[in-house]
Amino acid sequence: MENAIEVRGLCKDYGTFQLQDVSFTLPRGSIMGLIGENGAGKSTTIKAILNLIHRDGGEISVLGMDCIHHEREIKEHVGVVLDESTFHDMLTAHDVEKILSKIYRSWDSRLFRQYLDRFSLPENKTVKTYSKGMKMKLSIAAALSVQPELLILDEATSGLDPVVRNEILDEFLDFIQDERKAVLISSHITSDLEKIADYVTYLHRGRVVLSESRDELLESYGRVACPLDDLKKIDRKYLVGCRKNRFGCEALVNNRREIQFLLPGLTVDPVTLEDIMVYTVKGDEE
Amino acid sequence: MSGLVLKDLLVLRKQGRSYLLIIGIYMVLAFAGVFDYSILSTMMVVLTMMLPMATFSYDELARWDKFAAAMPVGRSGIVKAKYLTAFAVTGGAGLLCFVVNIIVAMIDQEAQLGALMAVLGGSLGAGLLINAAILPLLFKYGAEKSRSIMMVVMLVVFILVFGLVTVAGEGGFAVPNAMAAAIPWLAVLLVLGGFAFSYRVSQKLYAQKEL
């Protein structure tokens, strides 16, 4: 089975910001989290996949098709949720249903109503009266009712409370039960991605720092807290980033097992995706 | 694409109701003899000019453009839908004025239906031409900037037309009869050609736009 998304050597130059040689692969049946600090290039990458911007180089294939030559065909099978509500304040969920049913061939009105019920979204109230969480749920209900093979979500859970976020993440996990489907989700909230993502691609200053399976990533990376003298014993090739403090330092290493084998005296703790992000940025700065 | 036209019409629902109220008030005033009946057609031009621009403003407010371009209709469908909306709004307003003109002619024996319909035809053409001029600007610059540009363009056009008419009047210039008969057809050609040209330009501009 072909991959849901293949991005190879994607480049985009905005003058002040460049997306450089971005490559990653999202297999079907999985969820990929796109992480990175503000302005790292997450949204630009998603825009390039959706042809919302013109790329300067590279190739992108979605659902096994070239994303430029088969744009319409691809978009029939892609559900999209962008970072802010995209429906007009004066529209109701009923209006949204009427509009989108005329745009997507595979639109399922019955499914949409089921999601409205599940998310407790009133059908005849205007979007203006919805809370932020409700607006996001409406966008997600709409994206899922397209019966997509691929869901692309740009910061879909940002700004939502943990209860709503969990509810939404559960929907994505349900969605992925069908192994022909896939989800690409960008988020600042790395703890969300730790819960659901099978793969993680980390963008930093327009480049892919790493793109690996979440389990392998969390298994291989580790955090070392030690005096500065001990840090010098660690081969630089294992060091990703370091934070100095008055007691010594904390460092992120990219091969936990190897460090533990080579330096048994050092304690190497497990890390979170947030640690990896923070230390990489720190390491880059230093 | 019909979904996008429907979206525009649904978004304009409330505004449409307000405009109908305004037209209703002008109708009453026209019947009361305060205004000439032809004011209704002129009003229509102003309103049809404002409605497509309003849809762009609402789209910007909702950040709809990116989402719409991510749908199967794509950029070309978005442009097509806006032109269809402009046609639908102008056509709807034209139909309304057509019916009103007939009612006026039935009620008021002094009203000349032919003259009213001629003003309506002219207004429809002007409305479509104004839309043809403004739509590419809206696609290129968005609603806010286009509004200012459009005001300047309208002012320049008004000064030019007013100047030409004054100069022609002072110079004693009169349109020959043969040419006068061809004017309505030339106007239709101008409107259709202008709209087609404007559509091509908008497609090109929007295809290049970074969303």
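Before anything else, my rule for strands: two of them pair if DSSP finds at least two bridges between them. Helices (H or I, at least four residues) and strands (E, at least two) are DSSP runs, numbered from the N terminus. I am working on a predicted model, where local features need pLDDT of at least 70, side-chain atom pairs count only at pLDDT 80 or more, and totals for chains, interfaces and linings use all residues. Residues are numbered from 1 along each chain as its sequence is written, and chains are lettered from A and ligands numbered from 1 in the order in which they are written.

**Entry 1: the four-stranded sheet**

I began with the open sheet of chain A that has the order β2-β1-β4-β5 and antiparallel pairing. At its edges I found β2 (18–26) and β5 (65–66) of chain A, each pairing on one side only. Strand β1 (residues 5–13) of chain A runs antiparallel to β2(A), and six bridges join the two. β1(A) and β2(A) make a hairpin with four residues between them, and A:Gly15 in the turn has a positive phi of about 90°.

Next I checked what covers this sheet. Helix α1 (residues 42–49) of chain A lies across β1, β2 and β4 (57–62) of chain A, at about 115° to β1(A). My angles run from 0 to 180 degrees between N-to-C directions, and axes are lines fitted to C-alpha atoms, for helices over the stretch in contact. Contact between two residues requires their C-beta atoms, placed from the backbone, to lie within 7 Å.

**Entry 2: the six-stranded sheet**

In which order do the six strands of the other open sheet come? I read β6-β7-β8-β3-β9-β10 (chain A), with mixed pairing. β6 (78–81) and β10 (207–213) of chain A stand at the edges with a single partner strand each, so one side of each is left without a neighbour in the sheet. From one strand to the next the twist averages 15°. β9(A) and β10(A) run antiparallel and are joined by six bridges; A:Val200 has A:Glu212 in β10(A) as its bridge partner.

**Entry 3: two helices packing**

Helix α5 (residues 132–145) of chain A packs with helix α4 (residues 109–118) of chain A at an angle of about 155°, and their axes are 9 Å apart. Which residues meet here? On the α4(A) side I listed A:Leu111, A:Phe112, A:Tyr115 and A:Leu116, and on the α5(A) side A:Ala141, A:Leu144 and A:Ser145. The contact of α4(A) with α5(A) has six nonpolar, one polar and no charged residues. I count Ala, Val, Leu, Ile, Met, Phe, Trp, Tyr, Cys and Pro as nonpolar, Asp, Glu, Lys and Arg as charged, and the others, Gly among them, as polar.

I also followed α5(A) to the sheet: α5(A) lies across β6 and β7 (150–154) of chain A, running at about 170° to β6(A).

**Entry 4: the domains of chain A**

Chain A is divided into domain 1 (5–215) and domain 2 (221–285); the bounds come from an automatic or database domain assignment. Their C-alpha centres lie 33 Å apart. Nine residues of domain 1 are in contact with eight of domain 2. On the domain 1 side, α7 (190–196) and β9 (199–204) of chain A are the elements that give two or more residues. That side has five nonpolar, two polar and two charged residues.

I then looked up another hairpin of chain A: β12(A) and β13(A), with two residues between them. Six bridges join strand β12 (residues 239–245) to strand β13 (residues 248–253) of chain A, and the two run antiparallel. A:Leu239 has A:Val253 in β13(A) as its bridge partner.

**Entry 5: chain B and its contact with chain A**

Chain B has seven helices and zero strands, and its C-alpha trace spans about 55 × 40 × 25 Å along its principal axes. I found 21 residues of chain B in contact with 24 residues of chain A. On the chain B side, α1 (2–11), α3 (39–62) and α4 (64–69) of chain B give two or more residues. α1(B) supplies the largest share, six residues. The chain B side divides into 13 nonpolar, three polar and five charged residues.
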